[in-house]
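Please open the structure in the viewer and keep a selection tool at hand. The stops below move from a surface patch to pairs of charged side chains.

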Amino acid sequence: MARFTLTRRSPLPAPDTWARLTAWPRHGDRVPFTRVAAVRGTGRAVGDVILARTGVGPVRFDDPMEITALTEPELCRLEKRGRVVRGHAELRVRAMGAGSEAVWAEELRITGLPRFFDPVVASAARFVFGRVLDHLLACAPATD
């Protein structure tokens, strides 16, 4: 599996950082050709499903992620249950003085792609999701 961890410090208090990290539609703002939305539930409870749909023309795939653990405003674990992308992601927030720290840790596997490519996948994911994390912390959460 390709693994990566991103850590960012923010001047925002932990609840505000949490609100931004779990503003699911905003995740698609920095992932090319991708829209993200809660498709089962509100995206705020265990069992809810978040769907990232990526595509250009007829070439597209879905990345459904089920929330399997949620301790607001500290932890959200998502299990990737798609045919193309498998694995899990964890979003963590902790207070640090007046601000907070956000950690995004992910293990992912692309179906059909040999493990030889895991370092390349991890590097690309680190770049893309680093942009997403920076964007989420920089802008106010979208209203659902």
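Which residues make a nonpolar surface patch of about 340 Å²? Select Phe 116, Phe 117 and Val 120, which make this patch. Patches consist of residues with over 30% relative accessible area and no salt bridge, like charges being joined within 9 Å and nonpolar side chains (Val, Leu, Ile, Met, Phe, Trp, Tyr) within 5 Å. The model is predicted: local features need pLDDT of at least 70 and side-chain atom pairs pLDDT 80 or more, while totals for chains, interfaces and linings use all residues. Residues are numbered from 1 along each chain as its sequence is written, and side-chain values use heavy atoms, with hydrogens and water left out.

Stay on Phe 117, in the loop between β7 (99–110) and α3 (118–138). Phe 117 has a relative accessible area of 35% and is partly exposed (buried is under 20%, exposed over 50%, partly exposed in between; 1.4 Å probe, protein chains only).

Next, select Asp 134 and Arg 8, whose side chains form a salt bridge at 2.6 Å, N to O (a side-chain nitrogen of Lys or Arg within 4 Å of a carboxyl oxygen of Asp or Glu). Asp 134 lies in helix α3 and Arg 8 in strand β1 (residues 2–10), 126 residues apart.

Move to Glu 66 and Arg 40, a salt bridge with its closest N and O atoms 3.8 Å apart. Glu 66 belongs to strand β4 (residues 59–71) and Arg 40 to strand β2 (residues 34–40).

Finally, select Arg 77, Glu 79, Glu 90 and Arg 92, linked in a network of salt bridges. Within this group, Glu 90 is buried at 18%, whereas Arg 92 is partly exposed at 40%.

Definitions and conventions: Areas by Shrake-Rupley, 256 points an atom, 1.4 Å probe, with all protein chains shown as cover. Helix = DSSP H or I, 4+ residues; strand = E, 2+ residues; numbered from the N terminus.
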